[in-house]
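Colleague: Hi! I have the structure open and would like to walk through it with you. Can we start with the ligand site?

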Amino acid sequence: MIACGSQLFLDYVHGNSPLVEAALDRYSQYGDDCPPTLRQAIRHSLLAPGKRLRPLLVLLAAGACGCPPRAALPAACAVEMVHTYSLIHDDLPAMDNDQYRRGRPCCHVQFGEAQAILAGDALLAQAFEILADEVQPADVAVRCCQALARAAGPGALVGGQAADLECAGNTGDLARLEHIHRRKTGALFRVSLQLGGLIARAERSRLDALDAFGQKLGLAFQIIDDLLDEQGNASSLGKSVGKDRKQAKLTFPALLGEARSQQRAAALIDEAQAELRAFGDRAGCLQSLAQYVLERNH
Ligand code: GRG
């Protein structure tokens, strides 16, 4: 296994996120049938400076299985669309009621609630259109649609969000918290890696290894996200901070304390990296991304 820090991943971001940004821009041009306000609302959120971790995971997983990044680009954009939809809807007054996201006013703050709901709806639908139209061959497209639908659905992203909303008042234990985040955060990390592997037509053992990596990475990402909400600053994060504590939310630092949360995230990243041993050098960038998730400050 390659021992490396986050620099390899940061170099990859430098080389490959322009590909993702250009494709997202292309996919969100739309014709005259899409009203201008809806187009602007979608582009406001989709083209805002997100970290693009999920699309990069798709490209890196495909690469680790021997497939060039361009072949996985449509699927990478599809996942980013589902993620952006979830952020737009999460920020709504009926959910987290946030004001600031990706360094910009939230979609509903800028365009009103109705347009923000529709922008999210449009992105969710478009993600599946892109997979069905552009992933080849058709049986792989079907498997990609199935995997993304499951990850976005009632037993994963939406279910995790619903469980989180019901979990007000800091009640619950570590098992409950992890169950929420396996669905709310982990499912999109896992499916990103699966889509990359499916497009590369990877064998079962490789898909399983990517999945085990994704589970551990997703949980570590969430622990760090909770820590950043306590310790980070709004201008570098591009979103509000300190909300979890104010709303007495169930979080990792609230249950474990900050030091133990940090240790748990580090242990999960070590375990995640070990899952990729069989890929050898091809997974160097994924290993480095895992390190970045642990060290990130935004
Ligand atoms: C509304 C169905 C539905 C789901 C909402 C995304 C989400 C679920 C909630 C957002 C709140 C939150 C802090 C979730 C957990 C971690 C997370 C998904 C953070 C945002 O991801 P980043 O940091 O965002 O990768 P960027 O903007 O960089 O893409």
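Colleague: Which residues come nearest to the ligand?

Modeller: Of the 18 residues around the ligand, Lys-51, Arg-54, His-83, Arg-102 and Gln-222 come nearest. A residue is near a molecule if one of its heavy atoms lies within 4 Å of it. Before we go on: this is a predicted model, where local features need pLDDT of at least 70, side-chain atom pairs count only at pLDDT 80 or more, and totals for chains, interfaces and linings use all residues. Residues are numbered from 1 along each chain as its sequence is written, and side-chain values use heavy atoms, with hydrogens and water left out.

Colleague: Thanks! How far is an oxygen atom of the ligand from the side chain of Arg-54?

Modeller: An N or O atom in the Arg-54 side chain is 2.8 Å from a ligand oxygen. A polar side-chain atom of His-83 also lies 2.8 Å from an oxygen atom of the ligand, and for Arg-102 the value is 2.8 Å too. For reference, a polar contact is a pair of N or O atoms within 3.5 Å.

Colleague: And how much of the ligand's accessible area does the protein cover?

Modeller: The protein covers 92% of the 700 Å² that the ligand has on its own. Accessible areas come from the Shrake-Rupley method with a 1.4 Å probe.

Colleague: Which elements give two or more residues to that shell?

Modeller: Those are helix H4 (69–90), helix H8 (157–166), helix H9 (174–199) and helix H10 (204–231). H4 gives the most, with six residues. Helices here are DSSP runs (H or I, at least four residues), numbered from the N terminus.

Colleague: What does the shell look like by class?

Modeller: It has five nonpolar, seven polar and six charged residues. In that scheme Ala, Val, Leu, Ile, Met, Phe, Trp, Tyr, Cys and Pro count as nonpolar, Asp, Glu, Lys and Arg as charged, and the others, Gly among them, as polar.

Colleague: Switching to the backbone now. Which peptide bond is cis?

Modeller: The one from Gln-136 to Pro-137 is cis, with omega near -10 degrees. Pro-137 sits in the loop between helix H6 (113–134) and helix H7 (138–152).

Colleague: What about Arg-52, what is its phi?

Modeller: Phi of Arg-52 is near 60 degrees, a positive value in a residue other than glycine. You'll find Arg-52 in the loop between helix H2 (36–46) and helix H3 (53–64).

Colleague: Is Arg-52 buried or exposed?

Modeller: Arg-52 counts as buried, at 2% relative accessibility. Buried means under 20% relative accessible area, exposed over 50%, and partly exposed in between (1.4 Å probe, protein chains only). Arg-201 also has a positive phi, near 55 degrees, and its place is in the loop between H9 and H10. Arg-201 is exposed, with a relative accessible area of 52%.

Methods:
A polar contact is a pair of N or O atoms within 3.5 Å; within protein, one must be able to donate a hydrogen and the other to accept it, and residues adjacent in sequence count only if both atoms are side-chain atoms.
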